[in-house]
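Reader: I'm new to this one. Could you show me how to read its features?

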Amino acid sequence: MIRTSLALLTSLGCLLVASMAASGVSRAAELPREYPWQETLADYLGTLRADDFTVADHTFTYPAEYARADDERVYRDWIVLGHPGREPMTAGFHAPAESFTLAEIQGEAIRMYPEPAALAWWIQFDFPGNPYADNSGGKHRALVIAIVDMLMLESAQREDPRNLKPDFMGANLGTWAYTLHHCEDKLPANVREAYKQGMLHYLLKMERLAPRDGNTNMDMREIATLADLDLVLDDPAIHRRLVDDAKRILFGDPRRGPDTSDPRRGTFHPAGYIGEADGPETSYNGISLYHLAEAAMISRGDPDWDAFLPEVIRRMARFKAYNTFPQPDGSYEGPSSWAKRTNDPYVNDQRDRPWRPFAEAMITDEALFRLRVDPRTYNGSAFGLADREQMLSDIEKGVMRLTRSPRRPEGWKAAETPVWKEEHWPADLPYTWDHYVEGSYARFQKLVDEKSPLLLPPFEREADFNLDFDGEFWMAMHDDWGFQVEAVPHMGRSYDTGGSGALAGGSLAAFWTKKTGVTLLGRLPNKWNYVTWDKLPSWTTHHLWGRTAEASTVESSAFSSARQRDPWVRFETDFDSPQVHVFGTLGPPRTVEREGILDNGHVFYRRTFTKRNDGLHIRSELLSQGTDELSELWETLPVYLSGTGRNAGKDSLIEFRAGDRWLNPGTELVEEVAAIRITRGDGAVLIEFDKPQRARLSDVIETAYQKKDRLRTINLDLLGAKSRVGKSPIAMPHRAEVSYLIRPEK
């Protein structure tokens, strides 16, 4: 009888489940328990009750005794509290305590809040008026969020392979490691070990995939994560593994370093940047530098990390400094024509959180210019410094604001905890507080008091320079003028995929004078899918280009030195007359034109850049066997007119000198142009031709991505008297050339 009843109950149960499924009622979602470490972590969540997540006090205060804190402590806090709006969210402390229990996590869906590391940051922030410092309920909340993330991530990767990326996992792992570092005292020993096993599980996945060099800037989050893991795992064998991982991602091989990096296998270029798709980059390098500075601060003091990371930061800060050209109005500009993915210059690079300049300046003197002294007054003040009373006042205001307006987005006020989702870009944390370098305030203040030139970008200092950046960039200043020449010898893969950015090939990227700021300036016109042949006349770069007789479409007939994949480059910058030579083919296989455009392998361009005491001399040549026909051939120089929107100003004035007259040219060709004058600010720059040229201006070109500027290009007709503009094509000349001197007008 009993057996019959049990069988009947079982049958009824199966019918009930089938009925629920048929009516659309799903079984409760449960946390994964596939691995032993998952089983241990899920069981641990079941032991926690709402009382474990109590956070009673949310009121920030400014204790009177804080006014007696020493200068270094005040400065350390001021970097965070004195720059309001970018501190981590406090919202996780306001969520209902019950929402962190297993009964609330598991239901029709897995539900959990994001951002465990944001909670962990406030927990370790021991400002005396911080109500969340070392808070037990907050620690449990942070750990539960991190554990749910860890348990769920693999299922998210299986459901959507796009989540299986090393840069995504770098962010996930870093968040978990940071949370454990500051909250692990709440975990029983077996749970702590399971938590570490979970991190090692994903570390192995990340190691197998990293780097991909697709979003290399985000790959640098992996380096900071490896440093964080080194802190929490605290195992000599794993330490060596983590250091080697970092060196492999950066340099291509653990046996290499900043001087010997192989950027085709790794990501770091010895010139001082992280490559995007194996080539140079501007704006995204800010993200790279942000995370690498974080890694350097986390690992500071460990000889294995210190053997390479500070030098990476030094070179990157140095490269940024020499891409910072002062403008007459006190702003800064820089080139981006050679960037693989973004058109914002280095001065506007991304991820410039308030604490990043301080971190860079703590690591290397090359970044001291980031404290931003005003060179026009140099009155002993800097953006990165304030006197004690000002810092205390700023901190008090910041504390009061946190109480009045806590960082509590609407999503955290919902009656129901949000459904868990993969979060691969967590909030940035002010790592200068966690890893503050003692003595930084006194050091910075002393440099400001001494009016150290290191606090200025190189182009605002008095000393001349003539520098070769690893045979890729030449940057020089002479008296009150200077320039940047790019001659990147290898642009790497993906160069011609969908118009993937970079207008390079050996070009003048910027010409600058103290009175005018930048006048000639290469700018990537739009984002990385812009550089296509139909837009060739609007390429704002210094290049030699033309079209063949097959001119039915621009795409089928165009060629340009700016799309050279791998030119031959020689730097002779140590000579009395410093020079850079560039030689490359036009047409396949080394450039990205279509097959059949030119006589393959038999059409060349050659450029020589020579620094003289009075200016920069450039010779540009086309060399061929004359087997192709041309409809046009140009040498183009990009002129910076002004910014747009809030950055709008008076356009640069461009004039042509023909005979003894200065003309205001349009887009029509002007004969016998001996010189061109570009007037900007309180000065002017002259382009003086060795022989008179036929020249014209383009229409105004407005760049349309991150940096929206107004530019025009100067176009020199290299066919001269044989110009075919509007006429039938002619045989390509065996040699066509133009040479000119660019100098400040005296």
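Reader: Which strands each supply at least two residues of the lining of the second largest pocket?

Author: First, the ground rules: this is a predicted model, where local features need pLDDT of at least 70, side-chain atom pairs count only at pLDDT 80 or more, and totals for chains, interfaces and linings use all residues. Residues are numbered from 1 along each chain as its sequence is written, and side-chain values use heavy atoms, without hydrogens and water.

Author: Strands are DSSP runs (E, at least two residues), numbered from the N terminus, as are helices (H or I, at least four). A pocket, on a 1 Å grid over the protein atoms alone, is an open set of points where a 1.4 Å probe fits, with protein on both sides within 12 Å along at least five of seven lines; lining residues have an atom within 4 Å of a point. Here the strands are β19, β20 (683-697) and β24 (735-744).

Reader: How much space lies in the second largest pocket?

Author: A volume is the space filled by probe spheres set on the points, which are joined across faces, edges and corners. In this pocket that comes to about 280 Å³. Of its 16 lining residues, D717, L718, L719, G720 and A721 are the closest to the centre.

Reader: And what about the largest pocket?

Author: That one holds about 1,300 Å³ of space. Its lining has 50 residues, with Q327, D329, G330, S331 and Y332 closest to the centre. β16 gives the most to this lining, with three residues.
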